[in-house]
Amino acid sequence: MSGSITLGIYEKALKSPAEPDDWDAFMSQVAADGFTFMDLSIDESDKRMARLDWTAAQASAFRQAADRQGVQVGGVCLSCHRKVGPGSADPAIRRQAYEIFLKAIDLAHEAGIPLIQVAGYYAYYENPDPGQRARYVEVLAKAAEYAAQAGVMLGIENVDGNDITSITRGLSICDQVGSSWLSMYPDIGNLYEQELDAVAELRAGAGRMLAIHVKDVLPGQPRRITMGEGCADFPTAFAELARQSWSGRIMLEMWNDDSDQADQIVTNARKKVETWLRGAGMEVLGPRG
């Protein structure tokens, strides 16, 4: 067996509904564009960070809309930690970063979301210092304890920049934390943006990759490159996943900024990814009818 894959889409790749929190309208795009699941964004914006304070009823309404539209929710992309760094030199910021973890884990638990993607930035907007990694690990370790009690997995994403830029760096942190509830949620595009040996990195992650992001990139340009027009060698990367018989969720990370052509853009990208996956001998499972 070479593995079977379900494909999902990032929230920011699709058009926002005309009415805020009209999740049925949003989820209908996910299904219509041929995806099985979506990942919810909690980024640095006030609008999306406000989701951390959703009531249990709001979280349930979100989940019910997904269920009505036949869409799975794969995870939460918790990228707001780029703004509020767990590795900050400021104890107040570290406390805020930990509170964000707690709220995100509660939200995932209440909405029935199995996985939170943990951004691999120590303290993105601060000058680097030798203690950033240790402080990041300390906050993440406490978050992993809470996640274990809630039954929510945490997956570190290798990122652009200078912090957790590879799967191997992320795994060293997972080993240090030592929690069964913390593993990797790799971004294949970021491996190529960093000009790393993507095959070697994916091989190092064998058995420890909860789900995978794909996006196209260029060196120094980790976002908004049309799928198939960057430097990411997806056929080769997917061949390594096939060698591992890796099965699971692959999420297309894209930003369409409410383009009128969003549906066509993501559908074209999905078809390219499906072609590369099948070329590697992997089975692509369609949405459940």
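**View 1. Strand β5 and its neighbour β6.** Three bridges tie β5 to strand β6 (residues 182-184), and the two run parallel. Strands here are DSSP runs of E with at least two residues, helices are runs of H or I with at least four, and both are numbered from the N terminus; two strands pair if DSSP finds at least two bridges between them. Gly155 sits opposite Ser183 in β6. This is a predicted model, where local features need pLDDT of at least 70, side-chain atom pairs count only at pLDDT 80 or more, and totals for chains, interfaces and linings use all residues. Residues are numbered from 1 along each chain as its sequence is written, and side-chain values use heavy atoms, leaving out hydrogens and water.

**View 2. Both faces of β5.** Five of the five residues of β5 (residues 153-157) are buried, so the strand is largely enclosed by the rest of the structure. Buried means under 20% relative accessible area, exposed over 50%, and partly exposed in between (1.4 Å probe, protein chains only). Met153, Gly155 and Glu157 point one way, while Leu154 and Ile156 point the other.

**View 3. β4 next to β5.** Strand β4 (residues 115-119) runs parallel to β5, joined by five bridges. Val118 has Ile156 as its bridge partner in β5.

**View 4. Helix α10 and what it packs on.** The buried residues of α10 (residues 262-279) include Val266, Arg270, Val273 and Trp276. The buried set packs against β1 (4-10), β7 (212-214), α9 (234-243), β10 (248-252) and β11 (283-285). After α10 comes Gly281, with a positive phi near 90°.

Definitions and conventions
The expected span of a helix is 1.5 Å times one less than its number of residues. Contact means heavy atoms within 4.5 Å.
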